[in-house]
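These are my notes from looking through one structure.

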Amino acid sequence: MSTQQKSFSSSLGAIMAAVGSAVGLGNIWRFPYTCGKYGGGAFLLVYICFVFLIGSVLMMSEFVIGRRAQHTPIKAFQTLCPRHKAWGLLGLLGVITSFFILAQYLVLSGWTTGYVSHSITGQLAALGTSSAPISEHFAQFSTHPVQPVIYLVVFSALVLCVILGGVQKGIENVSKVLMPVLALLILVLCVRSLTLPGAMKGVEYLFSPDFSKLTGEGILAALGQALFSLSVGMGVMLVYGSYIPVNENIFKTAMWITTCDTLIAILSGLAIFPAVFSCGLDPAGGPGLVFCVLPNVFNTMGTAGIVFSVLFFLLLTVAALTSAISLLEVLTATFAEHTRTRRAFGAILLSLLVTALGVLFSMSLGTLSHIKITGLTLFDFIDRVNSIYLPPICALGTVIFLGWMMPDADVRDEFSNHGTLSVPVYGLFRFIARYIAPLALLVVFISGILM
Ligand code: PHE
């Protein structure tokens, strides 16, 4: 089956599926700790600028390429630029990036799934309110040779089930239900967090920028976070773009997704920072912020804390699920298009492969921690590759392709739905895609390597 016949059934379905991809661990787990690490409010402002200026333009570019070509990444670049078939390599790089990101994402999603179960069984509640046992619990769990692997496999099986359901029945329907649930859950948590004593310090931390805290590294981290959070730079939005109905307004769709994604990131900050400050904890706690700090907060709330703990980790798992689905969809759709085998066959095969790699990454934190590449464990190595190298290169390639290789008339035609929409922003979009975005991405890429 080729991708041509598939599409989302409605604009809401398309938006929900893409929001499902964008909103994930990146918003609820990565954003708060990155924001905390680089100084709070000032980071937030720079992040928002990058999201709307560069991230949204990249998303529109991927939508234009995907919908115009009606193919998965490799063939999409080749179809739109038949004289230079080598551009297909950019598509291939995107697919490889999706594969590595998914393998790493499965490890983190396995942890969140495990924490849902630890919350339900009362294991987390039993740790009390001092930080040491909570951090120790996380360290023991994440480095255990078997436990995280079991949860990883369970999570991965869930992702596979949705993909086997197909684009409309699987991805679209699941996203339409889960995304509103997620928004509701996060609102509930915000209310709880904002009504804790001393919560306003957290709000101030997030909303009153102190530019003296902003470093060059923080600015780069903000751009990296913007790309990751919007799921751009690895072919995901290109494949979803090929499913967007022909009469949909690409600009509006991308702006909706970008806005929802940013709102959820800000709400996550509002759910987490007030709680962190209220308990007198450190907002710059790093990647463990969600796993080591929040159980502490929940445990101060008595029985209600157990409910909030279950809700929170469920929320994280739901968010991770719809993002992981989009990554497996890129792999599945590409495989099906190139091998002309049945979708289900490719989905199962790829899911097995990526799960096996995920297990390896997971074990590299414990049993296999002696295996090192360039002095880093496998997990840290792939984390570096997935944040500094692959996505910025793919993103850079994508805007250069759209801005310099595709004829202006084609881009305008797709952007304006064959001239039926008036799109006054087109000029600005094209200008950013040709000059500003490539320059910014180049700077990020080079500094990422030099750092
Ligand atoms: N955007 C997702 C998140 O915020 C992560 C992701 C990246 C998903 C790339 C798909 C592709 O968690």
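I looked up what the buried residues of helix H13 pack against: helices H2 (25-37), H5 (88-120), H6 (131-143), H8 (167-194), H12 (250-278) and H14 (303-339). For this I took contact as heavy atoms within 4.5 Å. Helices here are DSSP runs of H or I with at least four residues, strands are runs of E with at least two, and both are numbered from the N terminus. H13 covers residues 289-299, and eleven of its eleven residues are buried, so the rest of the structure largely encloses it. Among them are Phe291, Cys292, Pro295 and Asn299. Buried means under 20% relative accessible area, exposed means over 50%, and partly exposed is in between, with a 1.4 Å probe and protein chains only.

Before going on I noted what I was reading. The model is predicted, so I kept in mind that local features need pLDDT of at least 70 and side-chain atom pairs count only at pLDDT 80 or more, while totals for chains, interfaces and linings use all residues. Residues are numbered from 1 along each chain as its sequence is written, and side-chain values use heavy atoms, with hydrogens and water left out.

Next I checked helix H11, residues 236-243. Eight of its eight residues are buried, and the helix is mostly covered. Val236, Met237 and Tyr240 are among these buried residues. They pack against helix H1 (11-22), helix H3 (41-69), helix H4 (73-80), H5, H8 and H14.

Then I turned to threonine 317, which lies in H14. Is threonine 317 buried or exposed? It counts as buried, because its relative accessibility is 10%. A polar atom of its side chain lies 2.7 Å from the backbone oxygen of phenylalanine 313. Not counting residues up to four places away in sequence, threonine 317 touches Thr112, Thr113, Val116 and Phe155.

I found leucine 442 in helix H18, residues 426-450. Leucine 442 is partly exposed, with a relative accessible area of 38%. From C-alpha to C-alpha, leucine 442 and isoleucine 306 are 46 Å apart in space, and 136 residues separate them in sequence.

I also looked at the strands. Leucine 376 is in strand S2, residues 376-377, and at 26% relative accessibility leucine 376 counts as partly exposed. Apart from neighbours within four places in sequence, leucine 376 is in contact with Ile371, Phe381 and Arg384. In the loop between strand S1 (372-373) and S2 I found threonine 374. Threonine 374 has a positive phi near 45 degrees and is not a glycine; at 67% relative accessibility it counts as exposed.

Another positive phi, about 55 degrees, belongs to glutamine 70, also not a glycine. Glutamine 70 lies in the loop between H3 and H4 and counts as partly exposed at 22% relative accessibility.

Last, I took the totals for the chain. The protein chain has 18 helices and two strands. Of its 451 residues, 60% count as buried. The C-alpha trace spans about 65 × 45 × 45 Å along its principal axes. Of the contacts with a separation of 6 or more, 82% join residues 24 or more positions apart.

Note on methods: Polar contact = N/O pair within 3.5 Å; in protein donor to acceptor, adjacent residues only side chain to side chain.
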